[in-house]
Amino acid sequence: QVQLVESGGGLVQAGGSLRLSCAASGRFLSINVMGWYRQAPGKQRELVATIRSGGSTDYAGSVKGRFTISRDNAKNTVYLQMNNLKPEDTAVYYCNAGMYIIGSYSNFWGQGTQVTVSS
């Protein structure tokens with residue numbers, strides 16, 4: 001069984017910073033893409049950033065230049081450094097990972113961590 005456990009959310013003032021972490025554990029062969037998504041109240045879940053096993057990254061336009069995604073393959077962990085946070089960044093942030101497990105490739109989600117940015 002695979003688990004993704006997020007940490008690092010919280011309440012911060014506009015202009016502040018937070019760092020999210022997501023650690024994968026369980027029975028899997030390897031991790032391909034890892035990423036962060038977010039869902040604000042009344043809105044659909046949206047992509048924030050992704051990082052491939054080789055290190056290439058993609059960002060949503062709204063966070064480019066403010067957020068940085070990184071990963072530690074030895075620790076099966078992905079990070080999201082969020083700087084210059086804005087009230088519109090307020091959302092539940094979810095970790096996602098595409099993993100090779102025996103016989104298949106599957107996507108897994110974390111339970112989510114709340115990020116609240118006050119103005």
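A nonpolar core, as I use the term here, is a set of buried Ala, Val, Leu, Ile, Met, Phe, Trp, Tyr and Cys residues joined through side-chain atoms within 4.5 Å. Keep in mind that this is a predicted model.

The largest one has 30 residues, and Trp-36, Leu-80, Met-82 and Tyr-93 touch the most other members. Several elements give two or more residues to this core, among them E1, E3, strand E4 (30-39), strand E8 (77-82) and strand E11 (113-118). The biggest contribution is from E9, with 5 residues. In general, nonpolar side chains in soluble globular proteins tend to be buried together.

Take Tyr-93. Beyond its neighbours within four places in sequence, Tyr-93 is in contact with residues including Leu-20, Trp-36, Arg-38, Phe-67, Leu-80, Met-82 and Val-115.

Next, the sheet. Four strands form an open, antiparallel sheet in the order E1-E3-E8-E7. Its edges are strand E1 (2-7) and strand E7 (67-72), each pairing on one side only. Neighbouring strands are turned by 15 degrees against each other on average, direction ignored. E1 and strand E3 (residues 18-26) pair over 6 bridges, and Ser-7 has Ser-21 in E3 as its bridge partner.

Is Asp-89 buried or exposed? Its relative accessible area is 1%, and the cut-off for buried is under 20%, so Asp-89 counts as buried. Its side chain makes a polar contact of 2.9 Å with that of Arg-38 and another of 2.8 Å with that of Arg-66. Asp-89 also touches Phe-67, Asn-84, Val-115 and Val-117.

Note on methods: Residues are numbered from 1 along each chain as its sequence is written. This is a predicted model: local features need pLDDT of at least 70, side-chain atom pairs count only at pLDDT 80 or more; totals for chains, interfaces and linings use all residues. Side-chain values use heavy atoms; hydrogens and water are left out. Two strands pair if DSSP finds at least two bridges between them. Axes are lines fitted to C-alpha atoms, for helices over the stretch in contact, and angles run from 0 to 180 degrees between N-to-C directions. Buried means under 20% relative accessible area, exposed over 50%, partly exposed in between (1.4 Å probe, protein chains only). Contact means heavy atoms within 4.5 Å. A polar contact is a pair of N or O atoms within 3.5 Å; within protein, one must be able to donate a hydrogen and the other to accept it, and residues adjacent in sequence count only if both atoms are side-chain atoms.
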